[in-house]
Amino acid sequence: MQIGLYIHIPFCVSKCPYCDFNSVDGADQATMGRYLDALCAEVDALSQLPAVRDRAISTVFVGGGTPTIYGGDALGRLLEAGRQSLSIDPGAEITVEANPGTVSQEKLCRLRDAGYNRLSIGVQSLQARILERLGRKHSVEQGIAAVQNARVAGFENINVDMIHSVPGQSVKEWCEDLRQVVSLVPQHVSAYSLTIEAETQFGKWSRGGSLTAVAEETDAIMFEKTHCVLTEHGYQHYEISNYAVAGRECRHNLLYWNNEDWLAVGAGAHQHLDGERRWNVKSPDKYTTDIETKRDAVEGSERVSLSQRMGETMMLGLRKAQGVSMRDFGDRFGNYPMEVFRKEIDRLSLSGLVAVSEDRLALTPKGFRLANIAMMEFIN
Ligand code: SF4
């Protein structure tokens, strides 16, 4: 069975005010160097796990934070550590996330040479006003150059991350963003609706009244515009916020949405392996010290019960446009969704949020807009 590997880099040039990822700014070179050594050591330790020994890694995803805050050689060394310790499939999808302000042409070439074959670029907006509102430190020009330079460096699988429903953003501005994104012809576009999280600076500003979230109706219009523009330009809508040209869906994220297994290393990283969830300490400093002193930085773990696994498989699977295959679910768990979740499915069908067609249960267009409500049915 395939398995993925997630590697977390928690460092950023500066902390964006809307960000609730596990990321910190201001780390010095020595701290980052020790952290990289710790990651390599944790990757090496993974090879000792019996559940990993005979399995090939089909996807690697180096995410953050801002992985490209490191130089190309350091990121090359990290991937090499993975190759030395684990069996990485020759056809593996190997993604690194990049921030436009941190990628020179030379670094992109080095990353491609090192074996990274998918680049996910956090462009977020192609409007200077919106980038400023988001607190991003890169310019529109750097966003465009990052995509173009990645192509020159030999990347044939490029994702552009975009954000809509930014406070103060108009539908017209978002449509202009979409128009510019398709003109860059990436193979994949992630278009996320901004959520204002309580613990972020945006959350504080929102509570203090200096920031107003975009109205729900405006958010819904932006979601629909995204669908219209991207599908008109040949992208397939394959997950709530994700679009790809045929064959360029993110294989690593599909592992998550199919509720399959993945290994995870780094501060705060969550792993899911053979029915067990395990997570590392969140603080990058504590993570590094723990790895240096005791070779693991695990903060906690739990067995995932069969009923939890079934519920999570439904919840995550519904994120995909294809939804959940009844047959695959039955083969995996010995019971079909209709046997386990008939009440929930009937309720959602009556509300028009899901539809059953042949083998599949999937969200309807209305369900996509109210996906959180639909998905929660399966995990309570
Ligand atoms: S660059 Fe990304 S991870 Fe870093 S602070 Fe900004 S949003 Fe968060």
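**Figure 1. Domain 1 and domain 2 have centres 28 Å apart, taken over C-alpha atoms.** The contact between them (heavy atoms within 4.5 Å) takes nine residues from domain 1 and eight residues from domain 2. The domain assignment of the protein chain gives residues 3-256 to domain 1 and 306-376 to domain 2; such bounds come from an automatic or database domain assignment. This is a predicted model, in which local features need pLDDT of at least 70 and side-chain atom pairs count only at pLDDT 80 or more, while totals for chains, interfaces and linings use all residues. Residues are numbered from 1 along each chain as its sequence is written, and side-chain values use heavy atoms, with hydrogens and water left out.

**Figure 2. The second largest pocket holds about 340 Å³ of space.** Of its 18 lining residues, N258, K320, G323, D328 and R360 are the closest to the centre. The search uses a 1 Å grid over the protein atoms alone: a pocket is an open set of points with protein on both sides within 12 Å along at least five of seven lines, a cavity is a set of points where a 1.4 Å probe fits but cannot get out, and lining residues have an atom within 4 Å of a point. Grid points are joined across faces, edges and corners, and a volume is the space filled by probe spheres set on the points. Domain 1 and domain 2 each contribute at least three residues to the lining of this pocket. At least two lining residues come from each of α10 (251-257), α12 (306-317), β15 (324-325) and α13 (326-333), and α13 gives the most, with four residues. Helices (H or I, at least four residues) and strands (E, at least two) are DSSP runs, numbered from the N terminus. By class, the lining has seven nonpolar, six polar and five charged residues. Ala, Val, Leu, Ile, Met, Phe, Trp, Tyr, Cys and Pro count as nonpolar, Asp, Glu, Lys and Arg as charged, and the others, Gly among them, as polar.

**Figure 3. The largest cavity holds about 40 Å³ of space.** A search of the whole structure finds one cavity of 30 Å³ or more. The lining of the largest cavity consists of F11, T31, R34, Y35, P284, D285 and T288. Three lining residues are nonpolar, two polar and two charged.

**Figure 4. The largest nonpolar core has 68 residues, of which V62, Y70, L78, Y116, F155 and Y287 touch the most other members.** Helix α1 (residues 29-46) gives the most to this core, with eight residues. Apart from this core lies another, of 23 residues, among them M326, F329, F333 and F368. A nonpolar core is a set of buried Ala, Val, Leu, Ile, Met, Phe, Trp, Tyr and Cys residues joined through side-chain atoms within 4.5 Å. Buried means under 20% relative accessible area, exposed over 50% and partly exposed in between (1.4 Å probe, protein chains only). Leaving aside neighbours within four places in sequence, L78 is in contact with I7, I9, L36, L39, C40, V62 and Y116.

**Figure 5. F155 sits in the loop between α6 (140-152) and β7 (158-164).** The relative accessible area of F155 is 2%, so the residue is buried. Not counting residues up to four places away in sequence, F155 touches L108, L111, R112, Y116, N117, R118, L119 and A150.

**Figure 6. I88 lies in strand β5 (residues 88-98), and E106 in helix α4 (residues 105-114).** I88 is buried, with a relative accessible area of 16%, whereas E106 is exposed, at 66%. Beyond four places in sequence, I88 touches I57, V60, L79, G82, R83 and I94. I88 and S58 are 30 residues apart in sequence and 6.5 Å apart in space, C-alpha to C-alpha.

**Figure 7. A cis peptide bond, with omega about 20°, joins G64 and G65.** G65 is in the loop between β4 (57-64) and α3 (72-85). Most residues other than glycine have a negative phi, and most peptide bonds are trans. Phi of Q124, however, is positive, near 70°. Q124 belongs to strand β6 (residues 118-124) and is buried, with a relative accessible area of 8%. V185 also has a positive phi, near 45°, and is found in the loop between α7 (171-183) and β8 (188-193).
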